[in-house]
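Please look over the model shown below before reading my comments. They are set out as numbered points.

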Amino acid sequence: MTLLRPRVRRIPLNAAAVLTVLVCLFPVYWMVSTAFKPSQDIQTADPKLFPHTWTLEHFRTAVQADGFELFWRNSILVTLSAILLALLVAIGSAYAVARMRWKGRRQFMLMVFIAQMAPWESLIIPIYIISRDTDMLDRLPTLTLIYFMVTLPFSIVVLRGFIATIPPELEEAAQVDGCTRTGAFRRVALPLLAPGLMATSLFGFITAWNEFAYANFLIIKHQDSRTLPVWLSSFQNTFGTDWGATMAASTLFALPALVVFLLLQRHVTSGFAAGAVKG
């Protein structure tokens with residue numbers, strides 16, 4: 001009986017966890033299943049939970065849509081560039097805060113936290129005015145810089161906590177053996193930062209890959225500079241919305257983020273946990 005009591009107590013928690021997972025996954029399932037349904041089965045008064053007939057017509061419509069390959073290239077280019085920039089700057093900033101003692105260090109971290117908490121949507125108008133006055137509208141580098149600024153504060157916070165967990169004696173020992181401070185960091189500390197780098201990379205990828213507001217607001221005239229989130233709205237016209245093609249395009253759009261998460265999931269949990277150990 002004593003062994004069964006803990007299991008019985010866990011039943012409500014397990015049931016709540018299963019219910020939460022089902023509620024979160026159901027919209028994803030509905031999106032994917034709708035992408036495979038024939039058009040006559042999508043807009044019906046009696047929707048079916050499981051498709052009785054399967055079709056790939058909506059995926060063909062999405063792939064053959066204007067700008068499909070171009071907008072994929074734009075999204076990948078902007079996302080990867082923003083992540084690389086954020087990691088390069090965040091590593092240096094996090095190392096300086098975690099390892100060095102300099103005046104204004106606490107104030108710097110306070111500003112980083114404030115920047116992380118700020119709602120970036122509230123900055124659309126100021127960023128639009130700055131981009132307009134500097135002739136940076138309708139340009140992919142503008143989106144790259146914005147996504148870099150959005151992901152940078154989080155990257156600094158996570159990597160700072162992660163670097164703080166690495167014993168400084170390891171780098172000091174490498175310096176005794178003849179390494180410079182930079183060489184000791186590159187040879188000793190940087191390999192140990194892999195989980196933290198994976199975690200911040202995943203966050204940056206999802207943030208930049210899914211961003212819609214700035215891409216829609218700053219890319220106005222040059223439609224060739226649009227990204228995939230904006231491209232998804234192209235399946236809506238004066239005659240209505242092609243829900244089958246929209247769901248198929250959304251499924252294709254979600255695949256890269258899913259693949260990246262599956263590849264990095266082993267490092268993500270440890271990266272977030274280690275980055276929260278020390279403040």
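1. On the side of helix 6 turned away from its buried face, the exposed residues are Ile-125, Ile-130 and Asp-133, where exposed means over 50% relative accessible area, buried under 20% and partly exposed in between, with a 1.4 Å probe and protein chains only. Helices here are DSSP runs of H or I with at least four residues, numbered from the N terminus.

2. The model is a predicted one, in which local features need pLDDT of at least 70 and side-chain atom pairs count only at pLDDT 80 or more, while totals for chains, interfaces and linings use all residues. Residues are numbered from 1 along each chain as its sequence is written, and side-chain values use heavy atoms, with hydrogens and water left out.

3. Helix 6 spans residues 124-133, and its buried residues are Ile-124, Ile-127 and Ser-131. Viewed down the helix axis, these buried residues fall within an arc of 70°, so they line one face of helix 6; the arc is taken from the directions that run from the helix axis to the C-beta atoms. The cover over the buried residues of helix 6 includes helix 7 (140-164) and helix 11 (213-218), with contact meaning heavy atoms within 4.5 Å. After helix 6 comes Asp-135, which has a positive phi, near 60°.

4. Two packed helices are described by the angle between their axes and the distance between the axes. For helix 5 (residues 105-117) and helix 7, the axes come within 8 Å and cross at roughly 130°; axes are lines fitted to C-alpha atoms, for helices over the stretch in contact, with angles from 0 to 180 degrees between N-to-C directions. Helix 5 and helix 7 are therefore oblique to each other, given that angles under 35 degrees count as roughly parallel, over 145 as roughly antiparallel, 65 to 115 as roughly perpendicular and the rest as oblique.

5. The crossing of helix 5 with helix 7 is left-handed, a term used when the near helix is turned anticlockwise from the far one by less than a right angle, with clockwise giving right-handed. From helix 5, Phe-108, Met-109, Val-112, Phe-113, Ala-115 and Gln-116 meet Pro-153, Phe-154, Ile-156, Val-157 and Arg-160 of helix 7. By class, this contact has nine nonpolar, one polar and one charged residues, where Ala, Val, Leu, Ile, Met, Phe, Trp, Tyr, Cys and Pro count as nonpolar, Asp, Glu, Lys and Arg as charged, and the others, Gly among them, as polar.

6. The axes of helix 4 (residues 68-99) and helix 10 (residues 194-210) come within 9 Å and cross at roughly 140°, and these two helices are therefore oblique to each other. Helix 4 passes helix 10 in a right-handed crossing. Among the residues that make the contact are Trp-72, Ser-75 and Ile-76 of helix 4 and Leu-197, Thr-200 and Ser-201 of helix 10. The contact of helix 4 with helix 10 has nine nonpolar, five polar and no charged residues.

7. Is Thr-227 buried or exposed? Thr-227, in the loop between helix 11 and helix 12 (228-231), is buried, with a relative accessible area of 4%. Apart from neighbours within four places in sequence, Thr-227 is in contact with Phe-71, Asn-74, Ser-75, Leu-143 and Ala-215.

8. Val-63, in helix 3 (residues 57-63), counts as partly exposed at 42% relative accessibility. Trp-54, in the loop between helix 2 (39-42) and helix 3, is exposed, with a relative accessible area of 56%.
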